[in-house]
Amino acid sequence: RMQASEYVPKPKPVLDTVNFPSDLKSLSMAQLKQLSYELRWEVIESVSKTGGHLSSSLGVTELTVALHYVFDAPVDKIVWDVAHQCYPHKMLTGRRS
């Protein structure tokens, strides 16, 4: 069984290029799909260290990517029903760490 100290985070080459929602505008559909995959792993890795709500964040991953691709945040406001749904949103808006 692997110890937590032995875990090596998955590389996230697309997510590493996104600091603001406007960065999504230049991504292809394949890259947006990859971004969703990487966001999921980022949420899993983060929640496994700190605890928190996992399923609600995973359930809104593609929705979050789509909203930020289509709309112009922060000019267009996005309101989340509950705070633990917004983890992927925070990661795409410069609050990843």
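## Confidence in the model

The protein chain has a mean pLDDT of 88, with 95% of its residues at 70 or more; pLDDT is the predictor's confidence in each residue, from 0 to 100. This is a predicted model, where local features need pLDDT of at least 70, side-chain atom pairs count only at pLDDT 80 or more, and totals for chains, interfaces and linings use all residues. Residues are numbered from 1 along each chain as its sequence is written, and side-chain values use heavy atoms, leaving out hydrogens and water.

Confidence is highest in helix α3 (residues 61–70), at a mean of 95, and lowest in helix α2 (residues 55–59), at 86. Helices here are DSSP runs of H or I with at least four residues, numbered from the N terminus.

## Helix α1

Let's start with α1, which covers residues 29–50, 22 residues in total. From first C-alpha to last, α1 reaches 31 Å, close to the 32 Å expected at 1.5 Å a residue; that expected span is 1.5 Å times one less than the number of residues. Just after α1 comes Gly 51, with a positive phi of about 85 degrees.

Among the buried residues of α1 are Leu 32, Leu 35, Leu 39, Val 43 and Val 47, along with Glu 38, Glu 42 and Glu 45. Buried means under 20% relative accessible area, with a 1.4 Å probe and protein chains only. The buried residues of α1 pack against α2, α3 and α4 (87–92).

## A closer look at Ser 36

Ser 36 sits in helix α1. Why does Ser 36 count as buried? Because its relative accessibility is 5%. Leaving aside residues up to four places away in sequence, Ser 36 touches Thr 61, Glu 62 and Val 65, where contact means heavy atoms within 4.5 Å.

## The largest pocket

The largest pocket has a volume of about 240 Å³, which is the space filled by probe spheres set on grid points joined across faces, edges and corners. On a 1 Å grid over the protein atoms alone, a pocket is an open set of points where a 1.4 Å probe fits, with protein on both sides within 12 Å along at least five of seven lines; lining residues have an atom within 4 Å of a point.

The lining has 15 residues, with Ser 46, Met 91, Arg 95, Arg 96 and Ser 97 nearest the centre of the pocket. Helix α1 gives the largest share, 7 residues.

## A cis bond in a loop

Ala 73 and Pro 74 are joined by a cis peptide bond, with omega at about 10 degrees. Pro 74 lies in the loop between α3 and α4.

How values were computed: Helices (H or I, at least four residues) and strands (E, at least two) are DSSP runs, numbered from the N terminus. Buried means under 20% relative accessible area, exposed over 50%, partly exposed in between (1.4 Å probe, protein chains only).
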